[in-house]
Amino acid sequence: MFSHLLALFEQNSSPHHIRLVLVSGAIKTKQIISYLLSLIQTLKTALTMFLETENFFEFFKSMPSSVCILMVIPILMFTAPAACSHEFPVFRVQQFDLNGVKFGSRAAAINLEARSILADNLIRRCAVVRGIKVNIDIINKAINDGLSGLLILIPKELSSISEENLQNLKQLEIDLLETQVPIPVYFSYETEDALNLYEEITSTASGYAAPSAFKAMTSVAVANSFHFATDGGESKQLNDFPIISLAGKLTGQGLEDQLPTVVVTTHYDSFGVVPKLSKGLDSTASGVIALLELARLFSNLYEKRSVQPKYNMLFLLSGGGKFNYQGTKKWIEDNVESSEFSLLAEAEYVLCIDAIGKGTDLNLHVSKPPKEGTQGFALVQDLQQVMSEQFSNSKLNVIHKKINMAEEMLPWEHERFSLRRVPAGTISHHSKPTHRGSIFDNEINSKELKKNIKVIGEGLARHIFNLTGKGFSNRVEVFSGGLSVDNDHIDSWIEHLSKEPRSQQLITKDHKLLAAFEETMNRYLTDVRRIASKADKKDPEFVFYDVYDAKMNVYSVKPALFDLFLAVGIASYLGVVYLMFENFHRVIDLFPKPVANGKSH
């Protein structure tokens, strides 16, 4: 290092200002000694100036530059600001209010020292944990012990972990969603850098459990510590946030208001503990794909006058499904509760599509079993006949569950319609209500999805064309040949919806995904329009907050104990310099005195 310094202590015109010029190998021993003697003389002069100067700042202003360098450089070397050693994206846990109840993480900003969650002192600390090694009880205990921030690492590829660990992660997600967490909580993926950081933070904690106090103190003092800081501030409430739904229709042959109507609905939003990581491929990207494909299939039938059925079909792609079906509620209020004529109010049946991207069997959930002789009963029979005749290895079951009026959260979308006495049912591969979604819902069985779309499409077609009543065989396929289910269309939507999250807070009115849905529906349906639902200002049913992700800056720093040792070291250094000043004459005597003829005494 010193061989590259080219400007230090070359004597100036002023006797008190010196610059050194050091060229490696070019200065003889006698010259080095001479420079050192000059430096010591300068230090002594500086001390004299300090003792005679009343103004501290005037002293430094007139101090020789060499002395400033000598006294300041060691301090700067040890107290330089910490550099950012790591930088990676993190994703914040949900924060929302629903029906007056607060859920999720209620804070967003982190500027804390990192520590293992098992450390003794967690006050004003941010813990780093692996999701497969922690549960809600450990987290709650840490929060009670003063924990102020939490970073949870999860694997990016779920295939790399055991089924037991996967179930633990899903349970942790459910537990975090069912409670209010007072501290900022973030998730991030287990990259190599993140895991190395986790291991280093965890190993540092072992120093606190050393066999002796001295060993513990020295271990902590020499170890690196890490400081976490997010680049965003605290979250803010999103006022007047609109939940957008899309509705379109196919009008049958005849007078629209005199024709029976069948309704097909689903919701497009996904849900999980982290909005930015919630893709929701099964729940309910599968429902979205099914609705768009059904719209395409039936538009081919309705565009030909010769085969156009005497039935209206309504299609609703609603928003806010994971938040108690807010978009569906708004659509019902605008139609069923309106004094004007509405096709929805006179609908024979509403078929709500939930998760149909997995499983071999389908289940039709109803609040009230359809009575024999009604059109709803006939539709259910058509669906069951198609399943049994065309896919004999699968079944379509009808599951009856009354609406629990004591619960504010509705488990199924059809209950919104049943509350308004509109016949409805929800079709899903789930046999019972499940949690609203998961960040681990990242897979879909395209083969099962295509089969289920075919079953729903054939069942609806048999019903609106009355094929059963006309004596057609149950094996007759309406959607075959050129009218078949379009596998490419389905696969392209699977790929598209798997690329980005669809949490409702992220879907603004100008979101490109809404534009894509709207464009597709306009291609196949008529009278496509948007329905905006906003929370009441006085008594809001839902409230969303911003700050969904951040950049985590990780600074490598020394612990407070190291600062204590450093202060002692600097004080000792300055003390030595002071003693040199006081005993300058003794220091001079240690060096041989040069004489005129080059000989020394």
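Predicted model: local features only at pLDDT ≥ 70, side-chain atom pairs only at ≥ 80, totals over all residues.
# Briefing: salt bridges, ring pairs and a strand

The side chains of Asp145 and Lys141 form a salt bridge, with N and O 3.0 Å apart. Across the whole structure, a search finds 20 salt bridges. Eleven aromatic pairs are also counted.

**Salt bridges**

- Side chains of opposite charge can pair when their charged atoms come close.
- In the bridge between Asp145 and Lys141, Asp145 is partly exposed because its relative accessibility is 35%. Lys141 has a relative accessible area of 55%, so Lys141 is exposed.
- Asp527 makes a salt bridge with Lys249, and their closest N and O atoms are 3.9 Å apart. This pair links distant parts of the chain, since Asp527 lies in strand E20 (residues 526-533) and Lys249 in strand E13 (residues 243-250), 278 residues apart.
- Asp527 counts as partly exposed because its relative accessibility is 48%. Lys249, with a relative accessible area of 17%, is buried.
- Another salt bridge joins the side chains of Glu519 and Arg523, at 3.8 Å from N to O. Both residues belong to helix H14 (residues 512-524); they are four residues apart, so about one helical turn separates them.
- Glu519 has a relative accessible area of 52% and is therefore exposed.
- Salt bridges also link Asp97, Lys102 and Arg106 in a network.

**Aromatic rings**

- Eleven aromatic pairs are counted. In one of them, the ring centres of Phe96 and Phe103 are 5.2 Å apart and the planes meet at 20°; the pair is stacked because planes under 30 degrees apart count as stacked.
- Phe96 is buried, with a relative accessibility of 1%. Phe103 is also buried, at 17%, because the cut-off for buried is under 20% relative accessible area.
- The rings of Phe323 and Phe544 have centres 4.9 Å apart and planes at 70°, so this pair is edge-to-face.
- This pair links distant parts of the chain: Phe323 is in the loop between strand E15 (312-318) and helix H9 (326-335), while Phe544 is in strand E21 (residues 542-545), 221 residues away.
- Phe323 and Phe544 are both buried.
- The residues of these two pairs belong to a cluster linked by ring pairs, which consists of Phe96, Phe103, Phe241, Phe271, Phe323, Phe542 and Phe544.

- Strand E7 (residues 125-130) is largely enclosed by the rest of the structure, because six of its six residues are buried.
- In a regular strand the side chains alternate between the two faces of the sheet.
- Both faces of E7 are covered: Arg125, Ala127 and Val129 are buried on one side, and Cys126, Val128 and Arg130 are buried on the other.
- Strand E6 (residues 111-116) runs parallel to E7 and is joined to E7 by four bridges. Here Ser116 stands opposite Val128 of E7.
- E7 also pairs with strand E8 (residues 149-154), in the parallel sense and over five bridges. Val129 has Ile152 in E8 as its bridge partner.
- From E7 the chain passes through helix H4 (residues 136-144) to E8, and this β-α-β crossover is right-handed.

How values were computed
Residues numbered from 1 in each chain as written. Heavy atoms only, no water. Phe/Tyr/Trp six-rings, centres within 6.5 Å; stacked < 30°, edge-to-face > 60°. Buried < 20%, exposed > 50% of the residue type's maximum accessible area, 1.4 Å probe, protein only. Helix = DSSP H or I, 4+ residues; strand = E, 2+ residues; numbered from the N terminus. Salt bridge = Lys/Arg side-chain N within 4 Å of Asp/Glu carboxyl O. Pairing = 2+ DSSP bridges. Right-handed = clockwise from strand over helix to strand, strands pointing away.
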